[in-house]
Amino acid sequence: MGAINELLNYAQKAWGKEVKQIVESIKLREPFEILVGTVLSQNTNDKNSSIAFMRLKKLTEITPLGIIRVKEEELAKALRVAGLYRERSKRLKELARIIVERYNGDLTWIKCLPLEEARKRLLELPGVGYKTADILLAFYGGRPVLPVDTHIRRIAIRLGYASSKDGYEKIRRALENEIAPEMRIYAHLLLIRFGRNICKARKPLCDVCPITAFCKHFNARAT
DNA sequence: CTCCGGGAAA
DNA sequence: TTTCCTGGAG
């Protein structure tokens with residue numbers, strides 16, 4: 001049993017119920033809504049990005065045409081609470097425009113195309129990088145990818161699955177090797193909670209962490 | 001590598 | 001008052 005499995009075991013007991021509900025609720029959403037929600041969450045805490053999402057929903061329908069219709073200043077006003085709002089309102093309108101232009105507003109190809117082709121097309125969209133692309137592939141597309149965010153990256157490095165010099169793809173593959181395909185969405189959310197609450201960037205709670213025996217970070221400090 | 005940025009916690 | 005949180009693009 002590896003460190004990641006021990007970690008997930010612990011995280012499941014702590015946050016499993018909450019996380020399962022989130023997985024189910026995201027699966028019911030339209031792909032464009034997931035995309036917008038993910039863009040709003042970039043470099044922003046969950047609380048403020050969900051407030052921004054609700055304000056956006058009140059302002060307009062969250063579809064490519066809905067975003068195109070609303071004025072950029074109105075969009076910026078709704079997104080302000082989440083920060084980075086000038087960039088985001090601009091990029092969101094650009095994103096909506098390109099999705100209409102290139103795909104006639106339809107994102108169902110995320111589900112149908114071969115995985116690498118779908119990923120490639122997602123990455124060509126403005127405001128979509130590896131993490132955002134993988135969120136769509138996993139949550140909407142049902143693809144067996146593990147989206148890697150900053151928490152997951154930090155955990156992977158501390159546990160020794162990756163080095164801080166490694167790029168996104170290398171870290172993703174290293175972790176995917178440890179986690180069964182059908183468990184990856186669930187594991188993604190569990191890992192984030194573990195990272196936020198236990199394996200924090202500053203002052204990690206190593207005294208309550210169940211896997212310090214596996215942890216390079218902890219053992220390097222202890223000695 | 002720097003910029004984009006608000007709200008909350010320290 | 002400062003620091004933290006948190007990805008993508010130029």
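A salt bridge here is a side-chain nitrogen of Lys or Arg within 4 Å of a carboxyl oxygen of Asp or Glu. By that rule, two salt bridges span the interface of domain 1 and domain 2. The model is a predicted one, in which local features need pLDDT of at least 70 and side-chain atom pairs count only at pLDDT 80 or more, while totals for chains, interfaces and linings use all residues. Residues are numbered from 1 along each chain as its sequence is written, chains are lettered from A, and side-chain values use heavy atoms, with hydrogens and water left out.

As for the domains themselves, chain A is split into domain 1 (3-24 + 145-222) and domain 2 (28-140), with bounds taken from an automatic or database domain assignment. Their centres, taken over C-alpha atoms, lie 26 Å apart.

Where the two meet, 12 residues of domain 1 are in contact (heavy atoms within 4.5 Å) with 11 residues of domain 2. About 1000 Å² is buried between them, 67% of it on carbon and sulfur atoms; buried area is the accessible area (1.4 Å probe) that two parts lose on being put together, summed over both. V145, Y168 and I185 supply 42% of what domain 1 buries against domain 2, more than any other three residues.

Back to the charged pairs: R172 forms a salt bridge with D134, and the closest N and O atoms are 3.5 Å apart. On the side of domain 1 that touches domain 2, α11 (168-176) and α12 (184-197) each supply at least two residues, helices being DSSP runs (H or I, at least four residues) numbered from the N terminus. The largest share, four residues, comes from α12.
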